Amino acid sequence: MHTREDEIFMLIKGTALLWLGEEQMELSEGGIVYLPKNIPHGYRITSDTADLLMIATPAGIEGMFRQAGRDVTAPRPEGFAIDPVTLAEAAEQHGQVILGPPR
């Protein structure tokens, strides 16, 4: 859940399930959803691959990804995984709330 940003989620290619609060919806190519701040949401890609565009406004959430992720200009280390503790710390510092495991 974002406490600072609204988000727009657009599925360019593929299929996905998306939850917004208690509502569940299926998205196909071209599907777009507005996700207001302070409303729990999540998604699951249901196709083998997908292309999606996520827009968050105002800016700031990218700091969480930089803090918890890795430098994508370097080769991906074998066995790389994002540490849940590091992700939780980054989320808290950047106004995100992790509410539980994915559905």
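Colleague: Which residues lie nearest the centre of the largest pocket?
Modeller: This is a predicted model, where local features need pLDDT of at least 70, side-chain atom pairs count only at pLDDT 80 or more, and totals for linings use all residues. Residues are numbered from 1 along each chain, and side-chain values use heavy atoms, without hydrogens and water. A pocket is an open set of points on a 1 Å grid over the protein atoms alone, where a 1.4 Å probe fits, with protein on both sides within 12 Å along at least five of seven lines; lining residues have an atom within 4 Å of a point. The lining counts 29 residues, and nearest the centre lie Met1, His41, Gly42, Tyr43 and Ile98.

Colleague: Which element gives the largest share of that lining?
Modeller: Strands here are DSSP runs of E, at least two residues; helices are runs of H or I, at least four. S5, strand S6 (51-57), helix H1 (62-68) and helix H2 (84-93) each give two or more residues to the lining. The largest share, 4 residues, comes from S5.

Colleague: What is the angle between the planes of Phe9 and Tyr43?
Modeller: Rings of Phe, Tyr and Trp (its six-membered ring) pair if their centres lie within 6.5 Å; planes under 30 degrees apart are stacked, over 60 edge-to-face, the rest tilted. Phe9 and Tyr43 sit 5.0 Å centre to centre and are tilted, with the planes at 55 degrees.

Colleague: How many residues apart in sequence are the parts that this pair ties together?
Modeller: Phe9 lies in strand S1 (residues 6-13). Tyr43 belongs to strand S5 (residues 41-45), so the parts tied together are apart in sequence by 34 residues.
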